[in-house]
Amino acid sequence: MSENYVAPNQQRYLRACMVCSIVMTQSRFREEGCPNCEEFLHLQGSPDQIESCTSAVFEGLIALADPGKSWIAKYNRLDGYVRGTYANKVLGQLPDEIRTMLEEEYRIQYIPRDGSAVDE
């Protein structure tokens, strides 16, 4: 069975990362962290961080087999991420202290995945 398979009785435990929008189970975030954002979000083994940086409320799913070649990945700012399942829209926003850390320490501009940011 695929490593990304989620049994129907486990789907209620799906969460989406608020930074990259990858969708995984809460237990997988706890065991592995976010495959795209772990170096700065530190989700692995941290239930509080998972609660703050992921959301159980998301819309739509995008399955990406080759994010580097996919036009939909580029359109959704997912090119350069690992292959997997991503949410179209993730409701919620990162806490201010995490946003500040991303921008000041890692020089990463946080763009909310909930549709509240307007492209300039």
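A: A search of the whole structure finds two aromatic pairs, where rings of Phe, Tyr and Trp (its six-membered ring) pair if their centres lie within 6.5 Å, and planes under 30 degrees apart count as stacked, over 60 as edge-to-face and the rest as tilted. This is a predicted model, in which local features need pLDDT of at least 70 and side-chain atom pairs count only at pLDDT 80 or more, while totals for chains, interfaces and linings use all residues. Residues are numbered from 1 along each chain as its sequence is written, and side-chain values use heavy atoms, with hydrogens and water left out.

Q: How are the rings of phenylalanine 40 and tyrosine 106 arranged?

A: A pair of aromatic rings is described by the distance of the centres and the angle of the planes. For phenylalanine 40 and tyrosine 106 the centres are 5.7 Å apart and the planes stand at 50 degrees, so the pair is tilted. It links distant parts of the chain, 66 residues apart, with phenylalanine 40 in helix H2 (residues 38-41) and tyrosine 106 in the segment after helix H5 (96-105); helices (H or I, at least four residues) and strands (E, at least two) are DSSP runs, numbered from the N terminus. Phenylalanine 40 is buried at 7% relative accessibility, whereas tyrosine 106 is partly exposed at 29%, buried meaning under 20% relative accessible area, exposed over 50% and partly exposed in between (1.4 Å probe, protein chains only).

Q: What is the arrangement of tyrosine 81 and tyrosine 86?

A: Their ring centres lie 6.3 Å apart with the planes at 15 degrees, so this pair is stacked. Tyrosine 81 is partly exposed, with a relative accessible area of 24%, while tyrosine 86 is buried at 0%.

Q: In what order do the strands of the open sheet run?

A: Strands of a sheet pair through backbone hydrogen bonds, either parallel or antiparallel. Here three strands form an open sheet in the order E2-E1-E3, with antiparallel pairing, two strands being paired if DSSP finds at least two bridges between them. Strand E2 (23-25) and strand E3 (54-55) stand at the edges, each with a single partner strand, so one side of each has no neighbour in the sheet. Strand E1 (residues 14-17) pairs with E2 over three bridges and with E3 over two. Alanine 16 stands opposite valine 23 in E2 and opposite serine 55 in E3.

Q: How many disulfides are there?

A: A disulfide is a covalent bond between the sulfur atoms of two cysteines. With the criterion of a pair of cysteine sulfur atoms within 2.5 Å, the count is zero. The sulfur of cysteine 20 has its closest cysteine sulfur in cysteine 34, at 3.5 Å, which is too far for a bond, and for cysteine 53 the closest is in cysteine 17, at 7.2 Å, again too far. Cysteine 20 is buried at 0% relative accessibility, and cysteine 53 is also buried, at 0%.

Q: Which residues touch the most other members of the largest nonpolar core?

A: In soluble globular proteins, nonpolar side chains tend to be buried together. A nonpolar core is a set of buried Ala, Val, Leu, Ile, Met, Phe, Trp, Tyr and Cys residues joined through side-chain atoms within 4.5 Å, and in the largest one, of 29 residues, Cys17, Val19 and Leu41 touch the most other members. Among the elements that each supply at least two residues of this core are E1, E2, H2 and H5.
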